[in-house]
Amino acid sequence: MVLLCQAVAFSSHHASGSAQGPSDATPISEPVAAELIATELTAAKPAPTEAGPAEREAATETEASVESNPGNETGPTVAEIEFVQTRFDRVREGYQSLQWNEIAGATRYLILDSEGNSYYEGALPEAFISGLSDGEHSFMAQAFSADNRLVGASVQSAVMLVDHWPMSQAWASFGVGLIVFLAMIGLIAAGALRASKLTDEARAVS
Amino acid sequence: MQDLFAIPVVATAVLSPTAGYVMLACFSVLWISLGIWWGRRATSYDGFAVAGRNVGLALGTATAVATWITSNTTMLAPQFALQLGVWGAVAYSTASFGLFAFAPMSGRIRQLMPKGYTAVEFVRRRYGSLGSVPFLLISIFYAITWLISMSMAGGKLLEVLSGIPYPVGMSVVVAVCVTYTLFGGMYAVIGTDFIQSLIILVGLIVVAVAVLTRIDIADVHSKLETNRPMLLSVFFPAALMALFNNMLFGFGEIFHSNVWWSRAFAMREGVGPKAYALGGVLWLPVPIVAGFLGLAAPALGIGISQPDTVGPLVAATLLGTGGALLVFVVVFCSLASSIDSLLAATADLIVNDIVEPIAKSTQTGLKPDGGVMSDSAKRRASTIAIIFLGALSWAVAYPNVGTLATVLFFAGPMVGSCIWPIVGGLYFKRPSPLAAGAAMVIGTATGLWAYFAIGWFVASLVGAAVSGVVFGLATWFAPDDFDFSTLADEAT
């Protein structure tokens, strides 16, 4: 079915810019999005939903490196990961895409929140994060080489300020939709019953 | 539960181009052979366009299911779940309500127009040009953009699943569908739909079973509750707003599209209501099953970059090469079952609602007794229309411009505004041409305005709601007195 269009419109966006809500969506067409499947199929790797010891250690090392560097620069062996956009205000649907620069030698990237929970592990420098509740959510990125060595880390976290649509608006849309739906079903039912009755009468007369 | 870390990396799960070509060749030969075999009875235009109006319950149900399961269903239902949680999967599955609602309408259509061919024909005869002009424009826009976007999706999906170059995959998909539709018309479409629906349903069941045996639902729930709580929330505002909008979009798609009307005409009297209702029942769990893939992805730790890739990605990750193969087959069947239906139904629409009226006005190609085109002339016109549609789709899809599918976004309010004129016009004599035309035009305009001013998630809803109000008021203040018996005869 062609509900595709709506779902695609609802997807987050590639381009950097302001935090996007559905109304300013830049939809991704199915063919374009499908193009990414191959890359993801070859890149996908199951990840723990919580970071493992290696990732935690790497995160600690990165933090130490950053803290010891007043200029906010990472150490010489770890490249800096920069998010294309570091702040997303009023994320209305609780989901958002994060994008960052590619790191030379990196074969996988990891996105962690401030509590160390993993939200993404894959080869592409883009992560789709969904299901967030209201509030501020911070994410940091790490890059690892094929031999599982940390080769990059974000200095500045990406912050999402999730602010879901007001429930009053949600219930209003829901209510209008319900009324239209019930009215339509009622009309079909009334029409079908009426038509059936007329048919029966016509048969009786004939 | 299954050790998630033990799930194999899917780098090897993508089919090789050789395997892809073999699969493509096998299924192409199969569809064309079956299409020709099933279509051998299409000796008259009635046989070609509406399968002799004698389709039974099994074939009728299968064609409804197969046509409504497109590649979008297998890709977008998981995306909806990943974005909007449980409500997202439910919202997508409400598209089956359109089949349920259309069930009684299909019986009425068949009863009112035993010799009818298209939805536009009904609107033209019911409302005149005031209703049929906007309806024809909406129908053509919807059908052609859907057809082109499906062709593009076919090329892309075959490329990413098997490495077959986009131009080759897209061309083969279009050529195969055009070929067997050309030979067998609606007979071929419905016959192949039967096989395709079986393959799709079995494929999805295998994926569902594989997913359920490899993951622990309680674990999925626990992880989502911790990391992505809104996906499980009953009070997810965006999901609540999207629910009826999507449902009404689905209703609009089915109620207005000749894909569904042509099947109503093709089914034996009394079969349509049962077939559409049963089709809805069979279709209903598909988005739920597919949607579960979207919900399972975070728990499986599968990193998602693009949400509409989540379904194939999870299936391929869990099932390895077999999963990729299954996805390939399901996608090919889904594409073929929708493209062939669109080709046949849109060709009917072109012949009956554009070519024939023009021929009538210029008095060419008419039967000696006047009125309509001869059977052979209509069959020739159908052949040309199918080739034209195939060539158009191929030509537009070939450059692989990825923005075309976005045009379909506008179809939501357009088709949503057709709901009331169709339902009202089918059952009641009071709705007038003015009411129908105004409802479609004003509903479409306000729906499109809502799309840009508010957001996509209210566009279909606004279109349907406003067109309903306009339709009701116009019917109230300027009622008509339509005689339904005039629809029983063949169009003149």
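Modeller: A residue is buried if 20 or more other C-beta atoms lie within 10 Å of its own, exposed if 12 or fewer, and partly exposed in between, with C-beta atoms placed from the backbone. By this criterion, 47% of the 206 residues in chain A are buried. The model is predicted: local features need pLDDT of at least 70 and side-chain atom pairs pLDDT 80 or more, whereas totals for chains, interfaces and linings use all residues. Residues are numbered from 1 along each chain as its sequence is written, and chains are lettered from A and ligands numbered from 1 in the order written.

Colleague: What makes up the secondary structure of chain A?

Modeller: Chain A has four helices and nine strands, where helices are DSSP runs of H or I with at least four residues and strands are runs of E with at least two. Their order from the N terminus is α-α-α-β-β-β-β-β-β-β-β-β-α.

Colleague: Why is α7(B) called roughly parallel to α18(B)?

Modeller: Helices α7 (residues 129–162) and α18 (residues 433–453) of chain B pack at about 30°, with their axes 7 Å apart. Angles under 35 degrees count as roughly parallel, so α7(B) is placed in that class relative to α18(B). Their crossing is left-handed.

Colleague: Which residues make the contact, and how are they divided by class?

Modeller: Contact requires C-beta atoms within 7 Å. On α7(B) the residues are Leu130(B), Gly131(B), Pro134(B), Phe135(B) and Ile138(B), and on α18(B) they are Pro433(B), Leu434(B), Ala436(B), Gly437(B), Met440(B) and Val441(B). Nine are nonpolar, two polar and none charged; Gly counts as polar.

Colleague: What describes the packing of α4(A) and α5(B)?

Modeller: The axes of α4 (residues 167–205) of chain A and α5 (residues 95–112) of chain B come within 10 Å and cross at roughly 30°, and the crossing is left-handed. Ile185(A), Ile188(A), Ala192(A) and Ala195(A) meet Ala101(B), Pro104(B), Met105(B) and Arg108(B).

Colleague: What makes the reach of α13(B) close to the expected one?

Modeller: Helix α13 (residues 285–300) of chain B has 16 residues and reaches 22 Å from its first C-alpha to its last, close to the 22 Å expected at 1.5 Å a residue. The expected span is 1.5 Å times one less than the number of residues.

Colleague: Why is α13(B) described as largely enclosed by the rest of the structure?

Modeller: Of its 16 residues, 14 are buried, so α13(B) is largely enclosed. Gly301(B), with a positive phi near 75°, follows α13(B).

How values were computed:
Axes fitted to C-alpha atoms, helices over the stretch in contact; angles between N-to-C directions. Parallel < 35°, antiparallel > 145°, perpendicular 65-115°, else oblique. Left-handed = near helix turned anticlockwise from the far one by under 90°. Contact = placed C-beta atoms within 7 Å.
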